[in-house]
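This briefing is intended for a reader who is new to protein structure. Please keep the sequence and the 3D view at hand while reading the points below.

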Amino acid sequence: AGASMNGGAMDGKEKFGNLSNIAPPLSTINKDFTGSLDLPGSPLPKHVKQACDVAEVQSKSNPFPHTFARPVYSNGDRFLLCLVGLPGRGKTFISHRVAHWLNYFHDIPTKVLNLGNYRRKLVGERNHQFFAGDNKKAQTILNNARKTCLNDIRKFLMEDEEGKHVGRVAIYDAANITVHNRTEVIESLDGVLPQAHIIFVEVIQTDQEKIDRHIRNVKIHVGMPDYRSEQDKAKAFSDYQKRIKHFQKMYVPIKNKKLSFIKLVDDGRQVTMNKIKGFLPGQIVNYLMNLHTQARPLYLSRHGESQYNVLKKIGGNSPLSPMGERYAVALSKFVKTEVLNPKKPYTRNPKHARLYTSSLRRTCDTVRHFDHSLQKDGWITMRHRQWRALDEIYAGVFDGMTYDQIKQKAPHQFKLRCKNKLEYRYPRGESYMDVIKRVEQAVVSMEGLQDPVVVVAHQAVLRIVYAYFKMMDKNEAPKISIPLNTVIKLVPRNDGCTEERFVLINKENKANSNNAPSH
């Protein structure tokens with residue numbers, strides 16, 4: 001366990017061991033397996049009928065039900081996260097990631113207000129000379145933009161929803177490099193927030209190679225608004241570097257111990273906190289400790305086709321079908337060529353890629369052919385880490401049934417799920433909302449990795465992971481297509497992810513096999 005937590009390195013004498021302890025031997029796969037559906041007229045199992053009957057009776061005999069409500073994590077408290085730091089350090093990336101995480105996993109209304117957008121509304125795009133400290137006209141424009149932005153932050157924090165006082169978080173995405181800038185923030189929110197609820201997040205990066213890579217990948221090539229019309233990328237990079245030098249002349253790091261602040265140095269290598277109290281601020285600190293700005297790919301894949309997929313049954317813990325075994329072999333080859341030895345690597349050492357799966361048999365079988373050899377630096381190639389948090393949504397009493405069977409034998413439950421797939425909870429099972437909560441721990445771990453990661457899991461779980469990294473609303477997650485036999489490559493950036501899809505087998509018959517029923 002210690003080796004796994006330290007990035008996979010372990011003593012060269014220690015053997016990885018036989019994968020048979022996590023994946024059953026290939027001989028257990030029935031190569032002649034075709035399966036057969038239960039007879040349509042077969043009676044509903046007793047435990048299923050009992051659970052469905054209870055649900056039916058309760059709906060008629062309980063006129064004042066205690067309905068399920070999404071959990072509230074802020075208790076009405078309101079906070080401002082105020083970013084601090086030089087340009088090109090990843091403040092905008094961090095702002096949007098934190099906002100999406102709070103909305104997606106904690107249902108807290110969160111809004112990012114970017115000072116640059118307010119400035120561009122007044123004067124449009126500007127080169128580095130606009131940001132010089134002795135440019136008095138430009139400083140007046142920036143001050144006006146700052147006042148407008150802070151006024152909008154004030155309005156957002158004072159909003160209520162349908163007459164209810166609900167918690168919310170505003171994120172002020174700006175440099176705030178001077179003592180005067182930070183004092184102005186506190187004074188503008190006097191009477192709206194206690195000073196302890198204004199948390200400054202200072203982002204410091206000392207690795208010049210990472211700074212340059214971030215500027216090129218995010219600011220210049222992805223398309224920062226100030227440089228979208230600039231065709232000469234080298235010229236844009238040079239201009240941005242000159243802008244940074246103007247800011248460096250004015251930059252005063254946070255030293256005031258009366259302020260609530262978090263200092264993030266070198267993508268979480270060092271984290272310093274001052275006057276951080278309460279549940280939500282503590283959760284934010286934990287998330288920030290796992291967040292970084294370096295681009296790296298995530299590869300998402302469903303397990304190979306299982307025997308239950310062939311039977312159109314949901315849930316269960318069945319082994320792979322022959323086609324699923326074909327995909328397992330194809331996936332191992334893909335990982336060897338595209339993940340461990342890519343032509344254009346995103347990271348310094350792609351051979352340090354990670355492997356996450358659920359604890360269920362079909363995902364462990366799917367990665368059984370992966371190379372786990374010991375590298376010269378002591379790193380175990382694609383070391384397998386199983387997550388119970390990545391297990392498929394539990395269908396409760398309907399586990400092992402087909403959708404047709406559920407529709408015929410429990411029509412009321414079938415209609416309820418069709419009506420609200422996100423919040424519907426299987427009798428004695430889980431809902432998508434339940435799964436979202438348990439998947440959070442695995443997602444935060446993925447955020448913290450600076451190496452490529454391959455995630456082999458299940459349709460419902462991967463829908464949640466995909467929607468999070470693509471910056472989508474969680475209400476859309478249950479509708480996302482995550483087909484079998486396909487690898488989805490995501491590379492996180494400010495506004496979501498770039499995406500590529502690779503169909504590894506059965507390319508000629510996507511409709512029938514690549515979309516086997518599963519939650």
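Lysine 437 is partly exposed, with a relative accessible area of 32%. Its salt-bridge partner is glutamate 440, and the closest N and O atoms of the pair are 2.7 Å apart. The model is a predicted one.

**Salt bridges**

- Side chains of opposite charge can pair when their charged atoms come close.
- The whole structure contains 23 salt bridges.
- Glutamate 440 is buried, its relative accessible area being 9%, whereas lysine 437 is partly exposed.
- Glutamate 440 and lysine 437 are three residues apart in helix 15, and therefore about one helical turn separates them.
- One network, joined by salt bridges that share partners, consists of Arg119, Arg120, Asp226 and Arg243.
- Arginine 120 belongs to helix 4 (residues 115-123) and aspartate 226 to the loop between helix 7 (208-223) and helix 8 (233-250), so their pairing ties together parts that are 106 residues apart in sequence.
- Both arginine 120 and aspartate 226 are buried.
- Arginine 348 and aspartate 207 form a further salt bridge, at 3.1 Å from N to O.
- Because arginine 348 lies in the loop between helix 11 (322-339) and strand 8, and aspartate 207 in the loop between strand 4 (198-204) and helix 7, this pair ties together parts 141 residues apart in sequence.
- Arginine 348 is exposed, at 56% relative accessible area, while aspartate 207 is partly exposed, at 22%.

- An open sheet with mixed pairing is formed by six strands in the order 9-8-10-7-11-12.
- Strand 9 (384-387) and strand 12 (496-503) are the edge strands; each has a single partner strand, so one side of each lacks a neighbour in the sheet.
- On average, neighbouring strands are turned by 20° against each other, direction ignored.
- Strand 8 (residues 354-358) runs parallel to strand 9 and is joined to it by four bridges; in one of the bridge pairs, tyrosine 356 is the partner of arginine 385 in strand 9.
- Helix 15 (residues 432-448) packs on the sheet and touches strand 7 (298-302), strand 8, strand 9 and strand 10 (453-457).

**Nonpolar cores**

- In soluble globular proteins, nonpolar side chains tend to be buried together.
- The largest nonpolar core has 72 residues; Val98, Leu288, Leu390, Phe398, Met446, Val455 and Phe469 touch the most other members.
- Another core, of 25 residues, lies apart from it and includes Leu150, Tyr172, Val192 and Phe261.

Definitions and conventions: Residues are numbered from 1 along each chain as its sequence is written. This is a predicted model: local features need pLDDT of at least 70, side-chain atom pairs count only at pLDDT 80 or more; totals for chains, interfaces and linings use all residues. Side-chain values use heavy atoms; hydrogens and water are left out. Two strands pair if DSSP finds at least two bridges between them. Helices (H or I, at least four residues) and strands (E, at least two) are DSSP runs, numbered from the N terminus. Axes are lines fitted to C-alpha atoms, for helices over the stretch in contact, and angles run from 0 to 180 degrees between N-to-C directions. Contact means heavy atoms within 4.5 Å. A nonpolar core is a set of buried Ala, Val, Leu, Ile, Met, Phe, Trp, Tyr and Cys residues joined through side-chain atoms within 4.5 Å. Buried means under 20% relative accessible area, exposed over 50%, partly exposed in between (1.4 Å probe, protein chains only). A salt bridge is a side-chain nitrogen of Lys or Arg within 4 Å of a carboxyl oxygen of Asp or Glu.
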